[in-house]
Amino acid sequence: MTHPFLDLAPLTAAHFAAVEKRVAGLLATEQDVVIMQGEALLPLEGCIRGGARPGSTALNVVTGPYGQTFGNWLRDCGADVVDLSVPFHTAVTADQVARALAEHPEIDFVSLVHAEAATGNTNPVAEIGEVVRSHGALFMLDAVASVGAEPLLPDVWGVDLCVIGAQKAMGGPAGVSAVSVSERAWERIAANPQAPRRSYLSLLDWKERWIDGGRKALLHAPAQLEMLALEACVDRIETEGLEALMARHAAAAAATRAGAVALGGGLSPYVHQAAEAAPVATTLRAPEGVDAAGLVARALAADPSLPLIAGGGALSKEMIRVNHYGVDATRGAVQSSLAALGAALADAGRKVDLEAARKAVSEAWPSE
Ligand SMILES: *Cc1c(COP(=O)(O)O)cnc(C)c1O
């Protein structure tokens with residue numbers, strides 16, 4: 001018996017290369033794009049292990065949990081790490097990055113997360129890129145939570161290593177990811193004796209055996225279902241239009257923010273400035289005395305399909321995440337999420353205004 005997921009013809013090198021080219025189109029990049037056969041943490045770790053080594057000094061910007069992970073990998077590679085941490089309710093500024101670079105002229109690698117779905121902030125990459133460029137350091141960007149949700153222009157912004165995954169705003173599979181690699185980054189990785197080689201983490205393997213070989217022979221059998229899903233995902237984005245997809249995420253974020261404020265009950269946007277709030281997901285601060293994880297559990301008990309989750313780790317007490325991305329970047333998902341949170345707050349004895357929330361969402365997002 002045939003099955004839709006099974007018995008597929010092998011994915012050819014030409015097919016793989018065609019998908020790669022369309023992903024490069026989404027990033028408007030002229031640089032090499034490598035599609036990695038794993039979730040985005042694979043290229044992120046590959047970039048750090050390729051770029052960092054003993055003797056290098058890295059500026060690691062921490063605006064959420066992913067930045068913390070990068071710092072650990074960088075130290076693991078023997079690099080000296082300068083952590084620039086900002087409170088999770090804000091973004092980092094280009095001035096803060098410039099100051100850190102001025103204090104540590106030896107910095108030769110900068111890692112930054114564009115948008116953090118886990119904390120709900122987004123950082124001004126264009127301005128930061130200018131500062132990093134003039135300093136001369138290699139610039140790595142985690143754009144997993146920004147691609148498809150907000151403008152992402154690695155070439156214009158001087159990003160040397162730009163990592164994306166399809167599982168957030170792109171509405172695609174989680175099992176493959178991609179990274180654009182500048183000429184400078186290739187030189188740097190090739191000159192690093194410690195960079196992974198003949199390894200699943202190796203970007204260089206893809207350069208030497210796939211790209212330099214004219215994209216004729218794959219390194220191993222590709223994750224076929226994931227590649228087909230990625231292709232379908234790019235198809236769907238091209239049909240909707242990248243601009244329309246980003247506009248849908250911006251509207252979802254603005255509507256969630258406005259609706260939460262109108263709802264009341266002590267709920268407030270976690271990220272103080274709207275301009276620093278990520279379009280991919282909106283984080284909310286639970287009212288004083290209300291446990292965020294408990295509130296989310298009550299809301300989900302009413303409707304388990306809502307894109308709600310409590311913050312991770314210590315944040316689970318105070319942070320509510322509305323993951324209005326991909327297929328959930330709709331006015332309906334935003335309305336239902338706020339209605340369910342409102343009902344849960346009312347259960348907890350808080351005074352909420354469901355009608356005001358509904359109206360605020362409709363005003364912030366008049367039509368779809
Ligand atoms: C979602 C995300 C990733 C990928 O991590 P998963 O938890 O496996 O989805 C990486 N970086 C950022 C900034 C993300 O938001």
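Which residue has a polar side-chain atom that lies 3.3 Å from an oxygen atom of the ligand? That residue is Gln167.

## Basis of the report

This is a predicted model, in which local features need pLDDT of at least 70 and side-chain atom pairs count only at pLDDT 80 or more, while totals for chains, interfaces and linings use all residues. Residues are numbered from 1 along each chain as its sequence is written, and side-chain values use heavy atoms, with hydrogens and water left out.

## Surroundings of the ligand

The ligand is surrounded by Glu39, Tyr66, Val113, Ala115, Ala117, Asp142, Val144, Ala145, Gln167 and Lys168; a residue is counted here if one of its heavy atoms lies within 4 Å of the molecule.

For the side chain of Lys168, the corresponding distance is 2.7 Å.

## Asp32 in strand E1

Asp32 belongs to strand E1, residues 32–36 (strands are DSSP runs of type E with at least two residues, and helices are runs of H or I with at least four, numbered from the N terminus). Asp32 is buried, a term for under 20% relative accessible area, with exposed meaning over 50% and partly exposed in between (1.4 Å probe, protein chains only).

Asp32 has no salt bridge, defined as a side-chain nitrogen of Lys or Arg within 4 Å of a carboxyl oxygen of Asp or Glu. The nearest side chain of opposite charge, Arg215, is 4.3 Å away (Lys and Arg count as positive and Asp and Glu as negative; His and the chain ends are not counted). The side chain of Asp32 does make a polar contact of 2.9 Å with the side chain of Trp186; such a contact is a pair of N or O atoms within 3.5 Å, where within protein one must be able to donate a hydrogen and the other to accept it, and residues adjacent in sequence count only if both atoms are side-chain atoms.

## Nonpolar cores

The largest nonpolar core has 83 residues, and Leu59, Val97 and Leu161 have the most contacts inside it. Such a core is a set of buried Ala, Val, Leu, Ile, Met, Phe, Trp, Tyr and Cys residues joined through side-chain atoms within 4.5 Å. A second, separate core of 27 residues includes Ala251, Leu267, Leu306 and Leu341.

## Ala255 in helix H10

Ala255 is found in helix H10, residues 242–263. Ala255 is buried, with a relative accessible area of 0%. Between Ala255 and His104 there are 41 Å in space, C-alpha to C-alpha, and the two are 151 residues apart in sequence.
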